[in-house]
Every structure is written in C-alpha cells, then in structure tokens.
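Welcome, and please open the model in your viewer. We will take a short tour, one selection at a time.

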Amino acid sequence: MKRIAGLLLVVTVVLLVPTVASAQTGVTITLSASSGTITFGEHVRLSGSSTGAPTGSTVQIRNAAGMPVASATTGAAGNFSAKLEPSGSDSYVAVLGDGM
C-alpha cells in the first residue's frame with residue numbers, strides 16, 4: 001500500500017467565547033500534534049492546554065471546514081488530548097464548546 005506523508009498544520013488559537021458564559025471570555029487554548037509529519041491513515045494525538053476554562057470543559061477539535069473531528073475534556077490543569085486518523089491534508093483548531 002502506498003503511503004503519503006503530509007505535514008499537519010498546528011494552530012494556537014486565542015478564543016473569546018461569549019456564547020458559553022461571560023466568565024470564559026479570554027480563554028486561551030493551545031493545540032499541537034504528537035508528530036510534525038503525519039502519514040495519512042495513521043493515528044496522531046492532538047493535545048493542548050487551556051487557561052481560563054473550568055475543569056471538565058469540552059474542547060472540540062475542528063478541521064479547516066469547521067467540522068468537529070474529535071473532542072476532549074479538560075483536566076484539573078487545563079490539559080486535554082484526542083486521537084484522530086487524518087485521511088488527507090488538513091489543518092485543525094481547538095475551540096471551547098459542546099462535544100460531538
């Protein structure tokens with residue numbers, strides 16, 4: 001089987017989330033990949049941290065089209081991670097919001 005290596009674009013996102021609660025305005029979320037080069041069809045772990053979001057907050061990981069592809073819950077230190085299997089070249093952002 002032919003494998004194609006692609007570069008996963010990693011994005012750090014600063015969010016203002018007035019729709020969830022005014023206390024969460026100014027929440028900062030980071031997102032990074034477990035590897036800089038991803039082989040399509042193989043798993044990658046996307047992880048990050050949030051500051052200003054309460055423990056147990058849901059973080060959605062969305063693709064470039066804005067569609068949720070994974071979700072995770074923040075721990076006590078604000079950390080989260082999710083595993084996904086990209087099927088092609090894409091970029092991802094993390095946003096505070098409802099689960100999938």
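A strand here is a DSSP run of at least two E residues, and strands are numbered from the N terminus. Keep in mind throughout that this is a predicted model.

**The whole chain**

Start with everything shown as a cartoon. Of the 100 residues in the chain, 34% are buried. Among contacts between residues at least 6 apart in sequence, 60% join residues at least 24 apart.

**Colour by confidence**

Now colour by pLDDT. The chain averages 76, and 72% of the residues score at least 70. Where is confidence lowest, and where is it highest? Strand 2 (residues 13–14) has the lowest mean, 33, while strand 9 has the highest, 95. Next, select residues 1–24, where pLDDT stays under 50. The model has 51 contacts beyond four places in sequence for this stretch. Where pLDDT is low, the predicted coordinates should not be read in detail. With that in mind, let us move on along the chain.

Zoom in on the pairing of strand 7 with strand 10, which five bridges join in the antiparallel sense.

- Asparagine 63 stands opposite tyrosine 92 in strand 10.
- Isoleucine 61 has alanine 94 of strand 10 as its bridge partner.

While strand 10 is selected, check how covered it is: four of its five residues are buried.

Is glutamine 60 buried or exposed? Its relative accessible area is 7%, which is under the 20% cut-off, so glutamine 60 is buried. Its side chain makes a polar contact of 2.6 Å with the side chain of arginine 62.

Step back to serine 57, in the loop between strand 6 (44–51) and strand 7. Serine 57 also counts as buried, at 9% relative accessibility. Which backbone oxygen lies 2.7 Å from a polar atom of the serine 57 side chain? That oxygen belongs to proline 54.

The covered face holds Phe80, Ala82 and Leu84, and the uncovered face holds Asn79, Ser81 and Lys83. In a regular strand the side chains alternate between the two faces of the sheet.

In soluble globular proteins, nonpolar side chains tend to be buried together.

Centre the view on leucine 84. Leaving aside neighbours within four places in sequence, what is leucine 84 in contact with? The list is Glu42, His43, Val44, Leu46, Ile61, Val69, Ala70 and Tyr92.

**Last stop: glutamate 85**

Finish with glutamate 85, in the loop between strand 9 and strand 10. At 44% relative accessibility, glutamate 85 counts as partly exposed, because that value falls between the 20% and 50% cut-offs. Beyond four places in sequence, glutamate 85 is in contact with Gly41, Glu42 and His43. With histidine 43, there is a polar contact of 3.3 Å between the two side chains. Finally, pick the C-alpha atoms of glutamate 85 and threonine 39: these residues are 46 apart along the chain, and the two atoms are separated by 9.2 Å.

Definitions and conventions:
Residues are numbered from 1 along each chain as its sequence is written. This is a predicted model: local features need pLDDT of at least 70, side-chain atom pairs count only at pLDDT 80 or more; totals for chains, interfaces and linings use all residues. Side-chain values use heavy atoms; hydrogens and water are left out. Buried means under 20% relative accessible area, exposed over 50%, partly exposed in between (1.4 Å probe, protein chains only). A polar contact is a pair of N or O atoms within 3.5 Å; within protein, one must be able to donate a hydrogen and the other to accept it, and residues adjacent in sequence count only if both atoms are side-chain atoms. Contact means heavy atoms within 4.5 Å. Two strands pair if DSSP finds at least two bridges between them. pLDDT is the predictor's confidence in each residue, from 0 to 100.
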